[in-house]
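User: I've got a model open and I'd like to talk through a few spots in it. Could you take my questions one by one?

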Amino acid sequence: MLPTYQRFNTSSSGKIRSFRASEKILIFLVFISFLVIVLFGFFLLPDFGGTNGVIQVYNKFKKAGPEIFIPAPPISDKNAKDFDAQRLQEKIRSELDFDGLEKPELQLPNKIPIVPIPVPDHHKNHHNRHHQDDKTTQHASEVYIVDGADQEPSVREKRDKVKENISDYDDDYSFEISDHGHLNPKIIYNNEIIEKRSTEINKRSVDGFLHRYSNVERNVSMIDVVKREKVKQMMMHAWNNYKLYAWGKNELKPISKRAHTGSIFGAYDLGATIVDSLDTLYIMGMKQEFDESRDWVARKFTLDNVSADISVFETNIRFVGGFLAAYALTGDNLFKEKAQYVADKLLPAFQTPTGIPLALINFRTGSSKNYGWASGGSSILSEFGTIHLEFSYLSDITGNSGYRERVQNIRSVLKELDKPKGLYPNYLNPKTGKWGQQHMSLGALGDSFYEYLLKAWLQSGQTDEEAREMYDEAMSAIMEHMVRKSPNGLTYVSDLKFDRLEHKMDHLACFAGGLFGLGSRTLQNQYTDRYMEVAEGITNTCHESYIRSFTKLGPESFRFSDAVEAKALKSQEKYYILRPETIESYFIMWRLTHDQKYRDWGWDVVQALEQHCRTDGGYSGIKNVYSDPPQQDDVQQSFFLAETLKYLYLLFSDDSLLPLDEWIFNTEAHVFPIKNANPLYRLAASSSP
């Protein structure tokens with residue numbers, strides 16, 4: 001529709017009439033508005049020709065704190081010569097309102113010989129990215145590795161310098177590698193071939209090399225020494241990347257290269273990986289890394305600000321256990337004090353009618369509760385039954401008997417209960433003291449309770465006869481009602497639900513090979529031979545679950561039927577999250593039998609981890625062990641450093657490193673001394689011997 005007036009009109013004489021006054025004002029306002037917009041854009045929009053505007057925005061971001069710290073903005077060529085990056089970085093640091101520890105400086109390990117991880121031809125296309133990232137230098141028959149979190153330019157420069165200085169070393173040594181990339185049983189030292197010895201090495205020819213390792217033993221072959229050092233390199237890679245991308249946080253996301261805030265301890269800065277790694281760092285001789293960790297614990301570790309519901313079980317085995325192991329190895333009272341501090345934070349969970357602790361606790365309020373899904377709010381056998389080692393040891397080294405009294409009460413409650421078929425169901429109501437669902441397992445929900453029965457007896461110097469008696473009775477019932485053989489002769493431990501076998505075995509239950517083995521070799525009784533038979537059978541079955549997958553890593557659980565054996569069927573059973581249980585059994589069975597196959601199987605795991613789990617930023621679990629190629633889950637679990645790498649390192653070490661008659665391992669692989677057998681037990685003055 002047309003307006004009621006025309007902007008231009010003609011008079012009766014035909015002349016063009018001028019603008020009205022109101023129209024002139026309107027045109028003037030439009031012109032002024034346009035001029036204001038132009039001036040606003042000219043003076044206030046960012047200057048894309050320089051860096052000052054961007055840097056000002058960057059400075060505002062960094063003042064918000066380290067949690068949103070961003071990389072420095074790019075510098076245009078126009079102003080590059082006037083921009084001092086180092087000065088800006090110093091200014092940024094000086095203005096940060098943050099008193100936390102800096103990420104420790106990364107250091108490259110010394111040059112060591114290493115065995116390359118073989119990649120079959122049909123796998124190469126899927127794994128080129130990983131092998132391009134392997135920082136190895138090969139010269140003729142020599143193979144050297146320069147490992148660690150070498151993504152930073154400064155570290156890369158150090159790596160290149162190491163490469164340049166390789167010729168400065170006095171002696172050349174390496175291994176003969178087959179056409180398929182496998183290690184041949186020969187050592188090349190100064191162009192002289194030394195044959196592998198089964199129990200000792202030719203010391204005369206390799207004195208120079210032996211001098212490099214303070215913990216080399218005479219009855220370990222050179223090949224085992226190198227494999228052990230490879231595992232240490234893996235620890236260095238995992239640890240350096242945790243320091244670089246998630247220092248002080250709980251766990252690392254190695255692909256995203258940031259902290260994993262979805263872990264069981266949430267987004268709180270509890271340093272779970274730091275505490276879990278303390279004894280591994282110490283055992284591997286990583287002194288600088290251990291000292292950095294101790295410094296963080298002394299200055300930063302606290303539970304006072306944690307207001308979420310946290311697992312009592314996980315806090316005990318990782319934090320109390322980690323601190324106690326560090327104290328046992330070093331005698332440093334800081335770690336004893338921290339262990340006691342965490343244990344005290346857990347005590348409110350024991351305030352139930354039966355004294356059976358609840359599963360979750362809020363450290364700030366002291367309130368506790370059980371999982372709603374756990375059989376009507378029951379406590380879980382593997383959780384409340386996996387406190388004995390830590391609390392008993394804590395009582396002995398502090399002189400406070402209260403910790404032992406609490407776990408001894410748990411045992412008393414369990415001992416008095418009627419047990420169906422001699423078995424312990426996975427659920428117990430902490431109010432009524434009655435069993436929940438009739439579900440028994442040596443895997444999830446049950447596993448470490450049985451482990452702690454045997455190890456409580458061992459920890460006591462074999463004086464806690466009640467614990468050994470309960471262990472033998474439980475294992476006898478499990479062997480009768482839950483241990484079975486597949487049609488092709490694979491031994492497995494099935495879950496038992498309402499008197500029906502499920503014919504499924506969890507990866508978590510793969511620790512049972514070592515558990516039965518220890519039971520066999522630590523006491524001669526009517527079960528000795530049967531224990532060892534089951535131990536060898538279970539360990540072999542878990543190995544089968546590994547080698548029947550594409551990745552040569554085992555699934556979370558696997559099933560047995562007429563159609564399938566030792567393989568996962570459901571998608572939620574096919575993942576591998578860097579678990580240690582199978583390797584734990586390899587290690588213990590090696591120590592008990594010295595059967596070479598256990599070391600060979602362990603080395604297969606090392607190669608599989610390197611091929612499928614290693615990333616630029618650490619190690620990741622995988623979502624399907626049968627996939628080609630597997631998809632990684634982007635989580636480096638703290639127990640990978642605490643358990644998996646520790647057991648692999650010990651597998652290739654001499655028996656004199658943490659001998660089993662002087663040390664036990666808690667369920668997180670933290671080492672505790674055995675009373676009356678190990679001088680590092682350190683009884684408090686008020687404790688009874």
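Predicted model: local features only at pLDDT ≥ 70, side-chain atom pairs only at ≥ 80, totals over all residues.

User: Is Ala308 buried, partly exposed or exposed?

Analyst: Buried would need a relative accessible area under 20%, and exposed would need over 50%. Ala308 has 28% relative accessibility, so the label is partly exposed.

User: Which residues does Ala308 touch, leaving out those up to four places away in sequence?

Analyst: A contact here takes heavy atoms within 4.5 Å. With sequence neighbours up to four places away set aside, Ala308 touches Tyr268, Ile361, Asn362 and Phe363.

User: And how far apart in space are Ala308 and Thr365, C-alpha to C-alpha?

Analyst: Along the chain, 57 residues separate Ala308 from Thr365. In space, their C-alpha atoms are apart by 9.5 Å.

User: Zooming out, what share of contacts between residues at least 6 apart in sequence joins residues at least 24 apart?

Analyst: For background, the protein chain has 21 helices and 25 strands, and buried residues make up 55% of its 689 residues. Of the contacts between residues at least 6 apart, the share joining residues at least 24 apart is 66%.

User: Let's go to the second largest pocket. Which element gives the most to its lining?

Analyst: The pocket holds about 840 Å³ of space. Elements giving two or more residues to the lining are helix H10 (312-330), helix H12 (381-384), helix H15 (447-459), helix H19 (581-593) and helix H21 (638-651). The one that gives the most, with 4 residues, is H10.

User: How many charged residues are in the lining of the second largest pocket?

Analyst: The lining has 36 residues, and Phe313, Glu314, Arg318, Leu508 and Arg579 lie nearest the centre. By class, 16 are nonpolar and 8 are polar, while the charged ones number 12.

User: H19 came up there. How many of its 13 residues are buried?

Analyst: H19 reaches 18 Å from its first C-alpha to its last, close to the 18 Å expected at 1.5 Å a residue. Among its buried residues are Glu581, Tyr586, Trp590 and Arg591. H19 is mostly covered, and the buried count out of 13 is 12.

User: Which strand do the buried residues of H19 pack against?

Analyst: Helices are part of the packing: H15, helix H17 (512-522), helix H18 (528-547), helix H20 (596-612) and H21. The strand on that list is strand S24 (663-665).

User: What is the phi of Arg682?

Analyst: Arg682 is in the segment after strand S25 (671-673), and at 26% relative accessibility it counts as partly exposed. Arg682 isn't a glycine either, and its positive phi is about 55°.

User: Last one: which residue is joined to Pro629 by a cis peptide bond?

Analyst: Pro629 lies in the loop between strand S23 (618-619) and H21. The omega of that bond is about -5°, and the partner is Asp628.

Notes:
Residues numbered from 1 in each chain as written. Heavy atoms only, no water. Buried < 20%, exposed > 50% of the residue type's maximum accessible area, 1.4 Å probe, protein only. 1 Å grid on protein atoms, 1.4 Å probe; cavity = no way out; pocket = protein on both sides within 12 Å on 5 of 7 lines; lining within 4 Å. Points joined across faces, edges and corners; volume = space filled by probe spheres on them. Nonpolar A, V, L, I, M, F, W, Y, C, P; charged D, E, K, R; others polar. Expected span 1.5 Å × (residues − 1).
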